[in-house]
Amino acid sequence: MADSVVLDPVDLHLLRLLQNDARTTYRDLAAQVGVAPSTCLDRVARLRRAGVILGHRLELDPAKLGRGLQALLSVQVRPHRRELVGPFVERIRALPESRTVFHLTGPDDYLVHVAVADMTDLQRLVLDEFTSRREVARVETRLIFQQWECGPLLPPAAVAPAPSGVSAAAPAATP
């Protein structure tokens, strides 16, 4: 890939650690990786400048925010033209219920992860915000029973086990 960044074992170790806990201090990261805190700070800053680290996010429990029902909506848009899909995506992304929107190949054009209060709220969302739109030809709904986060994202060549003394954190279950 032309956009790939060359990462050495220290970079990979830092990325593993930060993906497991982005709040880890530079001092703790440096100690775990075996470099000076200033070196650690420089490396993380370089990874940010290179676009490898895109940001830090706060994860919230949708159920504790009154959005205990999550679903995946497969959406088919017809006709699938830029002048229609641009405004469609903007509107769907602006909905407070929308968590993630994927543009797909295949029979469905979009997969939208939503979090709503209950089944009535899901029905309202599908009818008022999706099927009421002229460009939406079909919506298929799948309820999410449970969700798990997976391990850290690393380049394909780096999927070997973590360096000795580094434990891979087990993925935590998310409601």
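## Overview of the predicted protein model

Of the 175 residues in the protein, 32% are buried, where buried means under 20% relative accessible area, exposed over 50% and partly exposed in between, with a 1.4 Å probe and protein chains only. This is a predicted model, in which local features need pLDDT of at least 70, side-chain atom pairs count only at pLDDT 80 or more, and totals for chains, interfaces and linings use all residues. Residues are numbered from 1 along each chain as its sequence is written, and side-chain values use heavy atoms, with hydrogens and water left out.

The protein has five helices and six strands, which are DSSP runs (H or I, at least four residues, for helices; E, at least two, for strands) numbered from the N terminus. Along the sequence they follow the pattern α-α-α-β-α-β-β-α-β-β-β.

The axes of helix 2 and helix 3 come within 8 Å and cross at roughly 100°, as lines fitted to C-alpha atoms over the stretch in contact, with angles running from 0 to 180 degrees between N-to-C directions. Helix 2 is therefore roughly perpendicular to helix 3, a term that covers angles of 65 to 115 degrees. The residues that make this contact (heavy atoms within 4.5 Å) are set out below.

| Helix | Residue range | Residues in the contact |
|---|---|---|
| helix 2 | residues 26–33 | Tyr26, Arg27, Leu29, Ala30 |
| helix 3 | residues 37–49 | Pro37, Cys40, Leu41, Val44, Arg48 |

Arg99 lies in strand 2, residues 98–103, and counts as partly exposed because its relative accessibility is 48%. Leaving aside neighbours within four places in sequence, Arg99 is in contact with His113, Val114 and Ala115.

Key. Angles under 35 degrees count as roughly parallel, over 145 as roughly antiparallel, 65 to 115 as roughly perpendicular and the rest as oblique.
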